[in-house]
Amino acid sequence: MIWIQRKIKRVEFMQQEKIQHIKNFLLKKMDELRNVAGNTLQRLKNNGEKYADVCDAAAYEYSKAIDLAVRGKERNMMLDIQETIMRIDRGLFGICDHCGRKIPEERMIGAPLSKLCLPCQMDFEKRNGMLRKRFSQKVKIKNAY
Ligand SMILES: [Zn+2]
């Protein structure tokens with residue numbers, strides 16, 4: 001019994017250490033994203049430039065659209081990381097949002113932003129896939145008339 005308790009404590013300690021390691025990694029990633037987002041924002045602010053050539057103006061508009069899209073992705077990633085850091089601080093890291101079961105450590109190390117265990121994630125994707133399928137069927141029916 002004592003041996004089991006000791007083993008559990010040791011496992012929990014190791015997990016805590018790994019969680020802290022993941023948190024440090026996420027904080028570092030957050031800083032990187034903040035820098036990239038800052039640079040993108042700076043480029044977007046410099047839109048006072050005027051182009052005499054239509055092609056230059058079009059190229060500029062195109063790159064601006066790409067910058068905006070990238071900024072959206074950076075923003076989403078930053079929000080996901082912030083949420084994960086909050087989950088770590090509240091002791092919810094590695095617990096499935098849907099079923100409340102522990103998410104295997106390998107999954108949390110491979111995909112630290114996971115909020116669902118694999119079966120719940122697959123169920124979610126399956127249902128989403130089914131919704132998309134149903135939606136496309138509706139569109140097809142509509143187009144047939
Ligand atoms: Zn689950």
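Select L44 to begin: setting aside neighbours within four places in sequence, L44 is in contact with K64 and D67. The model on the screen is a predicted one.

**First stop: L44**

Keep L44 selected and follow the backbone around it. L44 lies in helix α1, which covers residues 2-45. Is L44 buried or exposed? L44 counts as exposed, because 12 C-beta neighbours lie inside 10 Å, and a residue with 12 or fewer is classed in this way. The C-alpha atoms of L44 and A65 are separated by 9.5 Å, although the two residues are 21 apart along the chain.

**Second stop: helix α2**

Select residues 54-89, which form helix α2. How far apart are the C-alpha atoms at the ends of α2? They are 52 Å apart; at 1.5 Å a residue, the 36 residues of this helix should also span 52 Å, so the two values agree. Now consider how far α2 is covered. Among its 36 residues, the count of buried residues is 1, and the helix is thus hardly covered.

Within α2, select R75. R75 and L33 are 42 residues apart along the chain, and their C-alpha atoms are separated by 8.4 Å.

Then move past the end of the helix and select G91. This residue follows α2 and has a positive phi, near 75 degrees.

Select residues 105-110, helix α3, and then residues 118-144, helix α4. Which element of the chain has the lowest mean pLDDT, and which the highest? Helix α4 has the lowest, at 74, and helix α3 the highest, at 91. Where pLDDT is low, the predicted coordinates should not be read in detail.

**Last stop: the whole chain**

Clear the selection and show the entire chain. Its secondary structure comes to 4 helices and 0 strands, and the pattern read along the sequence is α-α-α-α. Of the 145 residues in the chain, 5% are buried. Among contacts between residues at least 6 apart in sequence, 51% join residues at least 24 apart. Finally, colour the chain by confidence. The average pLDDT is 81, and 77% of the residues score at least 70.

Terms used:
Residues are numbered from 1 along each chain as its sequence is written. This is a predicted model: local features need pLDDT of at least 70, side-chain atom pairs count only at pLDDT 80 or more; totals for chains, interfaces and linings use all residues. Helices (H or I, at least four residues) and strands (E, at least two) are DSSP runs, numbered from the N terminus. The expected span of a helix is 1.5 Å times one less than its number of residues. A residue is buried if 20 or more other C-beta atoms lie within 10 Å of its own, exposed if 12 or fewer, and partly exposed in between; C-beta atoms are placed from the backbone. Two residues are in contact if their C-beta atoms, placed from the backbone, lie within 7 Å. pLDDT is the predictor's confidence in each residue, from 0 to 100.
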